[in-house]
Amino acid sequence: MAVVQALTPALAGLIVRCMDCGHEFLADYPATACPRCGGLLDAVIDLSATRTPADIGVGLSPTLRMSGVWRYRQLLPPIPDEAIVTRAEGRTPIYWDERIAAYAGVASIGLKHEGQNPTASFKDRGMTVGISHAKAVGARVVACASTGNTSASLASYAAAAGMRALVVIPEGKIAGGKLGQTIAHGALVVQIAGDFDDALRLLREIAADYDRYGVYLVNSVNPFRPEGQKAIVFEMLEQLDWRVPDVIALPGGNLGNTAAFGKALDELWQVGLIDRMPRLATIQAAGAAPFAAYFESGFDRYAPVKADTIATAIKIGDPASVERARRAIEKTSGVVIAVSDDEIMDAKALIDRVGIGCEPASAASLAGVRKLVASGDIDPAESVVGVLTGHVLKDTDAVVGYHLTGERREHANRPVSIPATIDALDRILLPDAAPAAALVAR
Ligand code: F0G
């Protein structure tokens with residue numbers, strides 16, 4: 001394993017602030033909680049270098065320019081170049097499809113596909129910044145609790161950086177593609193007889209005693225992870241020529257992304273790159289929707305739940321970033337709702353069917369927009385961008401389950417099994433056996 005050296009003298013400027021007590025300090029060590037009160041930390045960004053879109057990406061090395069995260073360097077923490085661990089993450093497309101728009105009930109909707117990142121989920125955006133900070137402060141072991149995507153991303157970036165990755169996951173609850181990636185990239189995988197919330201609780205305890213365990217936590221409680229996820233919003237707006245959509249919809253689990261989107265929009269507003277706020281719409285799965293209930297109560301009563309949903313990525317009952325996410329929803333006059341597993345899977349089937357593809361949790365974005373249009377919370381004339389957070393191959397069991405097993409669903413696409421003969425193939429393909437038009441319509 002490569003020896004990772006701390007780059008402490010170059011770390012001036014890596015300031016973080018506690019969102020509870022306001023304490024500000026230099027994060028030249030693995031800081032994941034306020035040393036005074038234990039609160040969540042935000043990176044403090046010097047916004048003075050960016051004023052116009054032309055300032056973006058100026059003066060970067062070709063390697064950093066390739067990254068859809070580091071391209072926005074002036075809006076990120078000043079981690080030294082030598083510490084940056086990048087896999088050319090980001091630079092993801094926005095897809096526009098009339099069938100998706102008709103399903104949602106709006107004139108047009110873009111789907112920004114974060115599943116097209118190096119490890120096939122949006123997590124790589126945050127991970128490049130989290131692991132780069134870990135390298136900058138000389139951490140040797142990086143860790144996360146995960147529902148699968150964070151662990152796959154962590155394993156990859158830690159391996160690239162020559163660090164050891166420790167992953168704590170709920171046993172039997174992680175989609176196969178994600179577990180496979182995490183194992184393949186060499187992480188130490190610890191499976192617990194518990195859920196994601198238990199896993200994160202255990203790791204937060206371990207991370208709090210850095211002197212004893214030497215483990216740097218890079219879940220989104222880490223103030224540097226959300227910084228990379230801000231780049232989803234930066235890049236989306238740049239792709240839209242800085243024309244701000246009315247609504248940005250995204251799935252919510254541990255709520256790091258919702259928090260990051262809010263911070264990104266707030267900073268873009270402060271530097272004057274946008275002149276109005278889009279509304280954030282965070283969509284949870286009905287069986288894992290403590291934030292939707294909190295929103296419903298006017299952010300008056302928060303209660304964790306025991307999570308249960310087919311969208312395993314967002315099967316989280318006590319999100320770590322709930323108060324940061326609340327800040328994001330309040331700042332953007334946003335909305336939070338829950339959708340059922342059936343609504344998620346039907347939306348996913350359409351996203352898959354039109355050739356885009358995503359994992360179940362991602363489809364909550366589309367299911368949520370459809371529901372918000374139906375309830376009148378989104379006007380059909382409003383412009384909407386939804387975020388697809390993970391690739392269809394992450395969870396092929398969910399695809400097989402929907403299309404091949406159980407009751408036949410509206411969009412089910414069942415393979416046909418035949419003997420290996422031309423006769424049998426003829427019976428399927430030739431007009432008198434089954435008209436071609438019928439085949440096309442299948
Ligand atoms: N979509 C996917 C595909 C995810 O993997 C996650 C979170 C989310 C949405 C929700 O994002 O937590 O920022 O609200 N996955 C984490 C993980 C929890 O461990 O991979 P969030």
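1. Basis of the note. The model is predicted, so local features require pLDDT of at least 70 and side-chain atom pairs count only at pLDDT 80 or more, while totals for chains, interfaces and linings use all residues. Residues are numbered from 1 along each chain as its sequence is written, and side-chain values use heavy atoms, with hydrogens and water left out.

2. The parallel sheet. Four strands form an open sheet with parallel pairing, in the order β8-β7-β6-β9. Its edge strands, β8 (188–192) and β9 (215–217), each pair on one side only. From one strand to the next, the twist averages 25 degrees. Strands (E, at least two residues) and helices (H or I, at least four residues) are DSSP runs, numbered from the N terminus; two strands pair if DSSP finds at least two bridges between them. In general, strands of a sheet pair through backbone hydrogen bonds, either parallel or antiparallel.

3. Strand β6 and its partners. Strand β6 (residues 141–145) is joined to β9 by three bridges, and in this pairing A143 stands opposite L217. Five bridges join β6 to β7, and these two strands run parallel. Here the bridge partner of C144 is V167 in β7.

4. Is β7 largely enclosed or left open by the rest of the structure? Six of its seven residues are buried, so β7 is largely enclosed. Buried means under 20% relative accessible area, exposed means over 50%, and partly exposed lies in between (1.4 Å probe, protein chains only). Helix α4 (residues 149–161) packs on the sheet and touches β6 and β7 (164–170), its direction making about 170 degrees with that of β7. Contact means heavy atoms within 4.5 Å. Such angles run from 0 to 180 degrees between N-to-C directions, with axes fitted to C-alpha atoms, for helices over the stretch in contact.

5. The antiparallel sheet. An open sheet of three strands has antiparallel pairing and the order β2-β1-β3. At its edges stand β2 (24–26) and β3 (41–43), each with a single partner strand, so one side of each is left without a neighbour in the sheet. Neighbouring strands are turned by 30 degrees against each other on average, direction ignored. Three bridges join β1 (residues 15–18) to β3, and R17 stands opposite D42 of β3.

6. The ligand site. Which residues are closest to the ligand? Among the 20 residues that surround the ligand, the closest are S146, G253, N254, L255 and T389; a residue counts here if one of its heavy atoms lies within 4 Å. A nitrogen atom of the ligand is 2.7 Å from an N or O atom in the side chain of T389. For the side chain of K123, a ligand nitrogen is 3.0 Å from an N or O atom. A ligand oxygen is 3.1 Å from a polar backbone atom of G256. Taken alone, the ligand exposes 470 Å², of which the protein buries 98%; accessible areas come from the Shrake-Rupley method with a 1.4 Å probe, and for residues only the protein chains shown count as cover.

7. Residue L255. L255 is found in the loop between β10 (247–251) and α9 (256–271). Although it is not a glycine, L255 has a positive phi of about 75 degrees. Its relative accessibility is 3%, so L255 counts as buried.

8. Residue T128. T128 lies in helix α3 (residues 123–136) and counts as buried, at 0% relative accessibility. The side chains of T128 and W70 are joined by a polar contact of 2.9 Å. A polar contact is a pair of N or O atoms within 3.5 Å; within protein, one must be able to donate a hydrogen and the other to accept it, and residues adjacent in sequence count only if both atoms are side-chain atoms. A polar atom of the T128 side chain also lies 2.6 Å from the backbone oxygen of V85.

9. Residue D46. D46 belongs to the loop between β3 and α1 (62–66) and is exposed, with a relative accessible area of 56%. Its side chain makes a polar contact of 2.7 Å with the side chain of S48.
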